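This report is for a reader meeting the structure for the first time. Please keep the sequence and the model in view while reading.

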Amino acid sequence: MSLPNYMEPVDDVNNNNNNNGAPDNNEHNNNNGAPGNNENNNNMSGGASFGDELEEFDSENQDDGSTQHPRAGKRKRYHRHTQQQIQEMENFFKECPHPDDKQRKELSRQLGLDHLQIKFWFQNKRTQNKNHQERYENSQLREENTRLRADNHRYREALMNASCRNCGGHTAIGEMSFEEHHLRLENAKLTEEIRQLSEVATKYTGKGVMSYPVMSPPNQAPPFEPPMITNGSIGNLSVSNMGVKETDKPMVIELAVGAMSELMALTQMNEPLWKGGVYGAILDLNEYTRRFQNGLGPRPIGFRTEASRETAMVIMNHTDIVHRLMDVNLWSTMFAGMVGRAMAYDTLLTGVHGSLDGTIHLISAEYQVLSPLVSTRKCYFVRYCKQHGEGLWGVVDISVDHFIPNLQLKCRRRPSGCLIQHMPDGFSRVTWVEHVEVDDRGELHDMFKHLLNSGQALGANRWVATLDRQCERLAIMMATNIPSTEPAGDQIMVTNNAKQSMLKLAERMSRGFFDGVTNSTADTWCNLPDYTGDNVRVMTRKSLNDPGRPEGLILCAAHSFWVPVPPITVFDYLRDENNRMNWDVLFLGGTPQKLTHIFNGRDNRNCVSLLRSPNTRQSEMMMIEESSTEPTASFLVYAPVDVPSMEKVLSGGDPEYVPLLPSGFAILPDGMAQPGKAGGSLVNVAFQMLVDSSPSGMLTFSSVSTIESLILAAANKIKAYFTQQTA
């Protein structure tokens with residue numbers, strides 16, 4: 001049986017049983033009288049039971065091969081099974097529908113039947129079940145056929161009844177035939193057909209058609225799905241008004257299709273379109289303008305361009321990468337240090353046959369730099385996924401904020417995304433293109449101006465480096481033998497399950513740190529309205545019924561500063577436990593003791609550690625710490641954990657219920673590096689502390705002053721150390 005064609009519904013679905021008597025098929029209902037058939041169905045009408053079985057055979061006809069009519073020889077006699085015999089065989093059939101010869105003989109002995117009667121009963125029962133299944137499948141295909149015919153009729157009616165948006169009169173569709181595209185390749189059929197529908201619909205809405213290649217005719221329009229978000233806002237518009245109008249959807253779809261074509265070209269072209277740079281390939285804007293007709297029009301006045309390309313091999317299957325990019329929650333989690341708030345509002349198109357091929361999502365996101373001094377970039381765009389061949393996928397974004405009235409954003413994405421190619425041994429080759437236009441006039445802090453103007457803060461190399469590091473972390477987290485060392489010797493035993501729990505706890509800790517060090521609105525932190533501290537941003541939140549945080553009133557302070565040494569130098573200094581007492585107030589009593597050291601990357605400095613303070617007053621507390629470095633950023637994140645909670649984690653318990661207050665450092669390059677000359681570092685530090693165990697507690701000036709003093713003291717000690725080293 002084959003599925004009906006989507007554009008030409010079949011009139012009926014074959015529901016006939018196969019009675020051809022094929023000699024090699026021992027379970028067909030063969031009624032042609034062939035002597036070799038051992039499964040004559042003697043009671044197959046409806047749901048009848050197999051109560052009547054052959055007791056004796058016409059031995060003459062069986063042995064000599066005579067073609068004499070069966071009634072000419074000895075008359076066949078039938079034996080009706082008792083209800084008890086039938087019930088026993090039914091029960092046995094549920095457990096074993098294909099009994100062997102030994103089992104059949106045992107049943108015949110128990111039930112007082114000939115073993116051939118047992119054999120025929122089971123053969124007939126299997127045939128009956130098979131026929132029931134075929135009838136059910138045919139019924140399902142009939143229903144699917146009816147639905148497709150109705151959809152086909154509805155879309156034809158919609159095209160025939162199209163009206164002109166300008167005059168209100170009827171429009172003529174012409175002689176376009178749906179059937180002429182019947183033989184399109186299966187993996188592109190739905191996408192190609194929907195494109196043609198988009199072109200036709202756009203043509204007769206009275207709006208200009210985008211300058212992209214002509215599409216192919218549609219099969220069916222995707223159903224409108226309600227937004228996935230029920231509250232919140234972006235820019236100056238509420239979520240309830242964020243959807244694209246139905247009349248604009250064809251143009252949005254066509255814009256996404258054109259963006260995919262542009263992305264494919266950008267990933268494959270080299271000079272003169274792309275030129276070498278310190279942080280990867282840089283786009284030549286003059287050459288880009290000459291080669292591409294872009295659907296977003298010219299760059300707005302006052303906006304500047306960031307455009308770069310990077311390629312890397314990552315340890316993740318290509319389909320897993322596509323899945324994580326197309327699921328907004330997985331995407332924002334994987335790129336937690338770059339994506340603050342992300343929401344999916346609508347699905348404009350669904351994929352071919354339930355896959356992601358051809359899917360278009362409507363998304364808003366806040367892109368962030370890990371500093372309290374840098375504003376987030378809000379974007380509203382569509383994300384389009386397409387399979388270009390076996391093991392080759394593309395995922396592209398393009399802004400559509402110009403379709404939303406009264407929405408004025410300061411960042412828009414020209415065709416940006418990645419080409420993902422399957423490679424052997426579970427690896428994928430990812431080529432990433434990042435092309436944005438941003439208006440940050442009056443918002444750039446002098447300390448971060450070079451980093452942002454260089455495009456390195458959120459450029460293609462940053463995306464690829466983050467993807468590579470996250471794939472590495474996930475691969476190790478799923479390993480059956482996670483590498484580690486236990487410097488404390490026999491004091492602690494860490495199983496592989498405990499290591500996985502600790503790695504998950506560290507991942508959640510890092511996400512909590514990112515929320516506190518940036519300006520994203522993703523979390524529920526509130527800025528203090530009357531606070532006027534110098535270069536320190538202080539926020540507060542009330543934690544209630546949140547298993548991942550201690551209950552009460554929490555303060556978070558964040559601060560950024562510059563040091564004249566490369567990021568890796570700062571990272572190595574901070575991660576050295578011998579230097580810890582110079583800046584960490586939690587370890588004033590001396591050097592911390594390292595209980596376990598779990599590696600989660602190719603670089604041994606990428607690891608999760610469990611520390612214990614030498615301070616006897618803190619004997620009931622441990623500390624979990626993660627150090628992570630990649631070419632574009634380095635992190636040291638830590639959080640105190642009480643001993644009972646950590647013991648649960650070490651026994652393989654769920655780390656989601658361990659209360660954490662993450663603190664730490666995000667170390668970024670300052671954007672001043674040149675070939676042969678290293679630049680400085682932008683160090684961004686955030687501390688979190690519980691100031692009142694009651695969520696209704698009052699915030700005092702003393703609490704704010706304390707956390708501000710702690711963070712500035714740590715920053716000043718680090719700056720003084722490196723200033724002295726470079727003097």
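## A residue in helix 3

Leaving aside residues up to four places away in sequence, S108 touches L113, D114, H115 and I118, where contact means heavy atoms within 4.5 Å. S108 has its place in helix 3, residues 101-111, and with a relative accessible area of 11% S108 is buried. Buried means under 20% relative accessible area, exposed means over 50%, and partly exposed lies in between, using a 1.4 Å probe and protein chains only.

## Basis of the model

This is a predicted model, in which local features need pLDDT of at least 70 and side-chain atom pairs count only at pLDDT 80 or more, while totals for chains, interfaces and linings use all residues. Residues are numbered from 1 along each chain as its sequence is written, and side-chain values use heavy atoms, with hydrogens and water left out.

The pLDDT is the predictor's confidence in each residue, on a scale from 0 to 100. Its mean for the protein is 77, and 73% of the residues reach 70 or more. Over residues 171-187 the pLDDT is below 50, and this stretch has 31 contacts in the model beyond near neighbours in sequence. Over residues 204-240 the pLDDT likewise stays under 50, and there the model has 111 contacts beyond four places in sequence. Where pLDDT is low, the predicted coordinates should not be read in detail.

## Overall make-up

The protein has 15 helices and 24 strands, which are DSSP runs numbered from the N terminus, with helices (H or I) of at least four residues and strands (E) of at least two. Of its 727 residues, 51% count as buried. Among contacts between residues at least 6 apart in sequence, 67% join residues at least 24 apart.

## Strand 18 and its partners

Of the 12 residues of strand 18 (residues 552-563), 11 are buried, so this strand is largely enclosed by the rest of the structure. Two strands pair if DSSP finds at least two bridges between them. Strand 18 pairs with strand 17 (residues 536-543) in the antiparallel sense over 8 bridges, and S543 stands opposite G552 of strand 18. Strand 18 also runs antiparallel to strand 24 (residues 681-692), to which 11 bridges join it; here A558 has A686 in strand 24 as its bridge partner.

## Helices 12 and 14

Helix 12 (residues 496-517) and helix 14 (residues 643-650) pack at an angle of about 125 degrees, with their axes 7 Å apart. That angle makes helix 12 oblique to helix 14; angles under 35 degrees count as roughly parallel, over 145 as roughly antiparallel, 65 to 115 as roughly perpendicular and the rest as oblique. The axes are lines fitted to C-alpha atoms over the stretch in contact, and the angles run from 0 to 180 degrees between N-to-C directions.

On the side of helix 12, A498, S501, M502 and L505 meet M646, V649 and L650 in helix 14. The residues of this contact divide into 6 nonpolar, 1 polar and no charged.

## Backbone details in loops

The peptide bond from E271 to P272 is cis, with omega near 5 degrees, and P272 has its place in the loop between helix 6 (249-268) and strand 5 (274-275).

Although D425 is not a glycine, it has a positive phi of about 65 degrees. D425 is found in the loop between strand 13 (416-422) and strand 14 (428-438), and is exposed, with a relative accessible area of 72%. N545, which is not a glycine, has a positive phi of about 60 degrees; N545 lies in the loop between strand 17 and strand 18 and counts as exposed at 69% relative accessibility.

Technical notes: Nonpolar A, V, L, I, M, F, W, Y, C, P; charged D, E, K, R; others polar.
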